[in-house]
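Colleague: I would like to learn how to read strands and helix packing in a model. Could you walk me through one?

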Amino acid sequence: MKLSCQTFHSDNQGTWLVWLHGLLGKGGDWLPTVDACEHYPSLVIDLPGHGNSAGITVAGGFTEMEELLSATLSEYQIDDYCLIGYSLGGRIAMYHAIHSNYKGLRGLLVEGGNPGLLSQKERDVRLQHDRHWAQRFRQESIEAVLADWYQQPVFADLTMAQRKQLIHHRSKNRGKNIADMLENTSLGVQPYLIPDLQQMTIPFSYLCGENDHKFQSIARQYTLPLKIIPQVGHNAHYGNPAAFSAAVNHFLSLFG
């Protein structure tokens with residue numbers, strides 16, 4: 001089995017850019033940035049439970065997710081690539097960079113992805129938190145749940161218009177599918193990745209919006225290679241695609 005994908009600029013040679021969106025998103029969220037990185041071939045992936053991969057479930061958590069991602073890369077014969085992931089996609093990208101046996105990863109670019117929780121107590125609390133949201137996604141209308149979802153502190157910088165736009169777009173998801181993915185890839189079941197991230201030898205950049213104080217704090221706490229995207233919060237590529245694309249192209253120029 002492989003994930004649903006689209007390819008862009010595939011006539012170009014060299015390192016592929018592999019794009020992983022966040023929870024509730026879809027591959028198409030990346031298109032403004034993909035177009036701004038037109039000198040590189042791109043593979044834009046729909047994660048399980050989302051977009052055209054909506055029928056795929058990863059009951060085996062990060063291990064199964066990693067197998068699906070590697071199988072997808074193999075299907076497209078991509079063995080020279082850079083992973084770019086936002087939020088959940090960033091967590092999947094970090095896990096892949098550390099735990100995958102698949103060869104050819106040249107760089108890792110993470111936007112607001114949590115590298116993991118140190119204590120089992122923290123993980124248990126987070127899993128309970130995510131299960132609560134999952135129950136709501138299964139039982140309530142998705143519009144009602146999203147109205148509360150985007151009131152969480154990490155989305156505090158959104159304007160009312162941006163919040164309404166996101167709710168409109170994200171309400172196309174199926175609540176059950178989102179609930180399954182939220183539980184199966186919860187931060188509560190994700191390994192603590194910091195020691196391995198700090199020992200990686202491939203190029204690595206950790207992007208955060210200027211107003212995303214939570215993830216800036218995480219990056220500084222663990223001395224991750226932080227790059228600030230101005231005038232935006234957690235969803236930097238959505239809020240300031242021009243600055244985000246410039247940061248991606250700069251990162252790629254260092255080794256591409």
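Predicted model: local features only at pLDDT ≥ 70, side-chain atom pairs only at ≥ 80, totals over all residues.

Colleague: Let's begin with strand pairing. How many bridges join strand S1 to S3, and do they run parallel or antiparallel?

Modeller: Pairing is read from bridges between strands. Here S1 (residues 5-8) and S3 are joined by four bridges and run antiparallel; Cys5, for instance, has Ile45 as its bridge partner in S3. Strand S2 (residues 16-20) also has four bridges to S3, but these two run parallel, with Leu17 opposite Ser42.

Colleague: What do S2, helix H1 and S3 make together?

Modeller: A right-handed β-α-β unit, with H1 spanning residues 31-36.

Colleague: And which way do the residues of S3 point?

Modeller: In S3 (residues 42-45), Ser42 and Val44 point one way, while Leu43 and Ile45 point the other; all of them are buried.

Colleague: Now helices. At what angle do the axes of H2 and H3 cross?

Modeller: The axes come within 10 Å and cross at roughly 80°. Angles of 65 to 115 degrees count as roughly perpendicular, so that is how H2 and H3 are placed. Phe62, Met65 and Leu69 are among the H2 residues in the contact, and H3 brings Arg91, Ile92, Tyr95 and His96. By class, the contact has six nonpolar, three polar and two charged residues.

Colleague: Is helix H7 mostly covered or mostly open?

Modeller: Mostly covered: eight of the ten residues in H7 (residues 175-184) are buried, including Ile178, Met181 and Leu182. The buried residues of H7 pack against H2, H3, H4 and H5.

Terms used
Residues numbered from 1 in each chain as written. Heavy atoms only, no water. Buried < 20%, exposed > 50% of the residue type's maximum accessible area, 1.4 Å probe, protein only. Pairing = 2+ DSSP bridges. Right-handed = clockwise from strand over helix to strand, strands pointing away. Contact = heavy atoms within 4.5 Å. Axes fitted to C-alpha atoms, helices over the stretch in contact; angles between N-to-C directions. Parallel < 35°, antiparallel > 145°, perpendicular 65-115°, else oblique. Nonpolar A, V, L, I, M, F, W, Y, C, P; charged D, E, K, R; others polar.
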